[in-house]
Amino acid sequence: MKDFNYYAPTEVVFGKESEEQVARLVKKYGGTKVLVHYGGQSAIRSGLLPKIFDLLNQAGIDFVKLGGVVPNPRLSLAQKGIELCRKEGVDFILAVGGGSVIDSSKCIAYGVPYEGNVWDFYLGKAKATAMLPLAAVLTIPAAGSEMSESSVITNEEGDVKLGYSNNLSRPKFAIMNPCRTFTLPPYQTAAGVTDMMMHTMERYFTKDDDMDLTTEIAEAMLRSMKNAVFAVLKNPEDYRNRAQIMWGGSLMHNGLTGCGVSDDWATHQLEHELSGMFDVTHGAGLAAIWPSWARYVMHENVSRFVRFAVNVMDVPNDFTDPEGTALKGIEAMERFYHAIGMPINIKELIGRDITDAEIKEMTRKCSRDHHATCGCLKVLEAKDMQTIYQMARG
C-alpha cells in the first residue's frame with residue numbers, strides 16, 4: 001500500500017436547476033469579470049448558455065464570451081482566450097460544457113499570468129505556480145475534469161496531444177444538473193462512460209494489491225457505470241441513471257480510486273496519439289486500445305485481471321485456469337464495448353486499416369522520440385508501444 005495525499009477541494013452543486021446558483025458561486029469565489037468559455041451551438045440551442053448569461057447579468061457580474069471549443073481542444077483557441085482575458089481584465093473563468101471545454105479553460109487559466117508560452121507546461125518545461133480561478137457548469141459527463149487536476153490539449157502544429165496535471169487547476173465549484181445530459185447522442189453517452197470507466201481502470205490495474213477499500217470502491221463504480229449506461233441508452237431521460245453517470249464521472253477521476261495504489265495511464269497515453277493523429281472521440285479511442293494493452297500486460301499481475309473478470313465483468317472464476325479467467329474478462333469487456341457501440345480495435349475506430357508508417361509515427365510521438373516510457377503495471381518502452389498498436393490494428 002502506498003502512502004497518499006487525497007485532495008478534492010471542488011464544491012459540487014448537484015441536482016435539478018442547480019445552474020440557478022451560478023452567479024452566487026462566482027461571487028463566492030471572487031469572480032468580478034468572467035470569461036464564459038463554451039463549445040458550439042448546442043449549449044445555445046439548449047437554452048443553458050442564455051440562462052447563464054441572464055443569471056450573470058441579473059447579479060451584475062460582467063463577462064465576456066469565447067466559444068468554439070471542439071473535441072480534443074486546440075492550443076490555438078486557448079491562446080486566443082489568454083489574449084482575450086488579458087485584454088478584458090478577466091479574473092475568473094467559467095467553463096460551460098464537457099471535458100474539452102474545461103480542459104481548454106484550464107489551459108487559458110494557466111496562461112494568463114504566465115510570461116512564457118502556455119505550451120511549456122504541457123511539454124514539461126515549466127510548472128505553473130499561479131493561474132486564474134475557474135469553475136464548471138458540466139453538460140457532458142466523461143472526462144472528470146470538473147474535479148480533477150488534469151488538462152489535455154492538442155497542439156495543431158504536429159498534431160501533438162499532451163496532458164498537464166497541477167492541483168492549482170481543480171475547479172472552485174462544479175454545477176451538475178443531470179437533466180442537461182438528456183439530449184446527449186447515444187455515441188457520446190457511450191464514449192463518455194468508456195472514458196470515465198477507464199479513469200478508474202488506469203488506477204485499478206496495478207501491482208498494489210493491498211488497498212482493499214480503494215479496490216472495492218473502484219469495482220462498485222465500474223459495475224454501476226455498466227448498469228447505468230444500458231439504462232440511459234434505452235431511455236435517455238432516465239434521471240436516476242443519468243445522475244449515476246454524472247456523479248460517477250467526477251468520482252472516477254478526482255483521485256478517490258487511486259488512493260494507496262500506483263496509477264498506470266498507458267492506455268491514455270497510447271490513445272492520445274490516436275486522437276492526435278485521427279481526431280477521434282477520446283472514449284472510443286480508449287476502447288480501441290485497451291483490450292490489446294490488457295492482453296499484452298496481463299501476465300504482470302494475472303490475479304488482478306482475474307479479480308476484474310469476476311467482480312466487474314461477472315465471469316465465473318475457473319480456479320484451475322487463472323489466465324483463462326483473466327482472458328475471459330478481457331473478452332467480456334470487448335462484448336460490453338460492442339454492446340454500447342464502441343470499437344475494440346483501430347480499424348473499427350477509424351474505418352480503415354492503419355498503416356505501418358502511421359503506427360511508427362504514433363510510437364515515435366508516444367515515446368518522445370524513443371526517449372520516454374509510459375505505464376506502471378508494465379513499463380512500456382517504444383518497442384512495447386509499437387507492439388500494442390500492432391495488436392490493436394484489427
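Six strands form an open sheet in the order 1-8-5-4-2-3, and their pairing is parallel. Because strand 1 (11–14) and strand 3 (62–66) stand at the edges with a single partner strand each, one side of each is left without a neighbour in the sheet. On average, and with direction ignored, neighbouring strands of this sheet are turned by 20 degrees against each other. The model described here is predicted.

- Strand 1 pairs in the parallel sense with strand 8 (residues 173–176), and four bridges connect the two.
- Within this pairing, V12 stands opposite A174, a residue of strand 8.

**Helices packed on the sheet**

- Helix 4 (residues 75–88) packs on the sheet, where it touches strand 2 (33–38) and strand 3, and the direction of helix 4 makes about 160 degrees with that of strand 3.
- Helix 9 (residues 239–251) also packs on the sheet, touching strand 1, strand 5 (134–138) and strand 8, and the direction of helix 9 makes about 175 degrees with that of strand 1.

- In helix 3 (residues 48–58), the buried residues are L48, L49, I52, F53, L55 and L56.
- These residues lie on the same side of helix 3, because they cover an arc of only 165 degrees around the axis.
- N57 and Q58, by contrast, are exposed on the other side of helix 3.
- After helix 3 comes G60, which has a positive phi, near 75 degrees.

Definitions and conventions: Residues numbered from 1 in each chain as written. Predicted model: local features only at pLDDT ≥ 70, side-chain atom pairs only at ≥ 80, totals over all residues. Heavy atoms only, no water. Pairing = 2+ DSSP bridges. Axes fitted to C-alpha atoms, helices over the stretch in contact; angles between N-to-C directions. Contact = heavy atoms within 4.5 Å. Buried < 20%, exposed > 50% of the residue type's maximum accessible area, 1.4 Å probe, protein only. Arc of directions from axis to C-beta.
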